[in-house]
Amino acid sequence: MDMLSTFKRDFIWLLPLSLGLGAVLSFIQPGNWLFGWLEFSFLFLLCFLLLTISARWAGGASTTPSVNKILAWMLAIAFALRFFGGVATYLALPVDGFADEDDKAGYVYTDAHRRDLQAWDFAQSDHPISDAFNKKFAYDQYGGLLAISTFVYRYISSDAHRPLILVLLAAFAGTLCLSFLWKAVTLQWGEKVAIAAGWIFALYPESILLGGSSMREPYLMLFSAFTLWGFVLWQKTQDKKPLIWFGLGIFGMLLVSPVVALVTLVLFAGWVYFTREHSQLSWWGALAISVVFIAGLFWLASTLDRQGNLGGGTPLAVINNFLREAIKMDLHHLERGSGWVQKLFDEMPKWLRLPFVLVYGIFQPVLPAAFVEPTTVTWRIIAIARAVGWYALLPALILSFGAAAGQQSDEKRKLLIWLSLVAWFWVLLTSLRGGADQWDNPRYRTIMFLWQAILAGHVWVWWRETRNAWFLRVVAMEVVFLLVFGQWYANRYFHFGGQLQFSQMVAVILGVWVLILLGGWWRDGKKNSP
């Protein structure tokens with residue numbers, strides 16, 4: 001009876017909110033207004049109900065009312081930022097964007113635009129939705145997101161092409177994962193880390209931008225949250241039922257991006273290894289994971305080699321050939337797309353080019369460039385927000401090893417070090433795969449943002465409890481980088497101040513970094529000396 005009365009109370013205010021938002025959205029989308037109103041209102045009501053239920057479920061274990069309110073506000077703000085941010089860019093780009101087709105249509109990402117157009121055409125055809133996984137029809141590399149989009153257009157908005165419906169569903173997926181993240185982190189590491197990780201996830205600009213676009217990243221983050229919750233609950237209770245969530249998450253990843261499923265399986269395999277006293281994996285479980293991993297390898301290889309020109313003979317060889325060719329192509333595009341990068345490549349030995357791209361990719365999107373490079377107002381706001389978010393997160397990822405080392409429990413220490421290694425492996429891999437591109441590289445990096453947010457939450461709690469001096473030192477090193485690089489960009493575009501050669505600028509940054517490191521170690525040694 002309590003649950004029924006609670007549901008009725010929620011329904012009373014969610015229904016008019018959904019109807020009102022549906023009416024507004026239908027006005028700015030093509031097609032019959034009444035049909036659009038009903039379609040948007042139905043989806044709003046469904047999303048709001050599920051988010052409300054998930055919030056009560058995730059916060060139900062807490063006995064502190066203020067904590068439950070924090071989660072509720074977190075979900076509300078996260079959804080509002082993602083959805084209304086997506087609507088704002090959809091309306092602003094045709095007016096204040098560039099003259100290309102994507103901006104004129106209101107899309108931040110070219111992939112989202114092309115996939116959306118194909119999904120609409122696909123929905124109007126007689127082809128079964130399963131053809132989305134066929135190389136003949138799928139613009140989407142893996143087919144999963146194209147299938148989801150086609151299903152929505154065919155069965156919910158068949159009368160008119162309404163792109164904001166997919167934005168609404170992406171915002172919902174990018175928000176719903178917060179409840180599973182909160183629940184799992186609270187159970188595994190406590191409410192303090194859950195609050196910190198939750199707010200970081202909710203407010204991170206790259207996550208907001210992707211959550212307001214019909215891209216695969218919001219769904220992959222939701223599937224990651226499913227696997228995290230299922231695994232943590234199974235680990236704590238040794239009950240097999242939570243593994244349904246784990247399996248659902250892996251299955252979703254295989255449909256949308258098999259490589260993420262494989263990396264996630266490796267991540268949890270390491271988790272089991274480092275906490276093996278509490279994670280008793282049966283032989284059938286190990287066998288099932290092995291079968292899924294091998295099947296995922298074959299599925300990934302087949303999707304990467306749709307044209308049949310990568311060769312290799314085995315899945316690992318195909319994947320290796322794809323990575324090699326992709327990195328080679330990304331290096332070529334980076335060199336040709338930037339005059340100063342081409343100049344640097346000409347001056348440096350060939351063996352240094354790949355390490356350069358690796359390091360350069362870590363710092364993308366470059367914050368000083370976001371402030372000074374010529375662009376429109378809308379794109380400048382997007383660029384600054386993305387860069388500020390990454391440069392705020394980067395020190396936390398660097399210090400994640402320090403926070404792990406400061407754990408009292410040997411098991412927690414090993415687990416956090418392992419998660420830090422996986423997170424940094426993914427950052428480095430995407431830096432290479434994205435060729436230091438300021439869009440693809442950060443987008444790929446955000447696929448594993450759930451784990452980055454957890455690590456950053458740990459670092460925040462660790463610093464608040466210990467006031468470790470290395471937190472401010474790492475921040476100071478980043479500030480030095482931004483100031484020196486900022487002056488370099490300012491001189492490049494506005495001829496402000498003297499001009500250092502790139503090698504001289506790098507030498508200045510590294511020199512100051514060495515002084516900060518040596519000074520920090522000297523100060524710590526002096527403090528600890530008897």
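**Pocket and helix packing**

Helices H15 (339-347), H16 (353-362), H18 (377-405), H22 (469-494) and H23 (502-528) each supply at least two residues of the lining of the second largest pocket. Please keep in mind that this is a predicted model.

**The second largest pocket**
- The volume of this pocket is about 1,100 Å³.
- Its lining has 34 residues, and Phe356, Val359, Phe485, Phe502 and Val506 are the closest to the pocket centre.
- By class, the lining holds 28 nonpolar, three polar and three charged residues.

**H2 with H7**
- Helix H2 (residues 33-59) packs with helix H7 (residues 163-189) at an angle of about 5°, and their axes are 9 Å apart.
- Angles under 35 degrees count as roughly parallel, so H2 and H7 are roughly parallel to each other.
- On the H2 side, the contact residues include Phe40, Leu43, Phe44, Cys47 and Trp57, while those of H7 include Leu168, Phe172, Phe180 and Trp182.
- This contact of H2 with H7 comprises 17 nonpolar, three polar and two charged residues.

**H19 with H21**
- Helix H19 (residues 410-433) and helix H21 (residues 449-466) have axes 10 Å apart and pack at an angle of about 130°.
- H19 and H21 are therefore oblique to each other.
- The crossing of H19 past H21 is left-handed.
- H19 makes the contact through Leu416, Leu419, Ser420, Ala423 and Val427, and H21 through Trp451, Gln452, Leu455 and His458.
- Six nonpolar and three polar residues make up the contact of H19 with H21, with no charged ones.

How values were computed
Residues numbered from 1 in each chain as written. Predicted model: local features only at pLDDT ≥ 70, side-chain atom pairs only at ≥ 80, totals over all residues. Heavy atoms only, no water. Axes fitted to C-alpha atoms, helices over the stretch in contact; angles between N-to-C directions. Helix = DSSP H or I, 4+ residues; strand = E, 2+ residues; numbered from the N terminus. Parallel < 35°, antiparallel > 145°, perpendicular 65-115°, else oblique. Contact = heavy atoms within 4.5 Å. Nonpolar A, V, L, I, M, F, W, Y, C, P; charged D, E, K, R; others polar. 1 Å grid on protein atoms, 1.4 Å probe; cavity = no way out; pocket = protein on both sides within 12 Å on 5 of 7 lines; lining within 4 Å. Points joined across faces, edges and corners; volume = space filled by probe spheres on them. Left-handed = near helix turned anticlockwise from the far one by under 90°.
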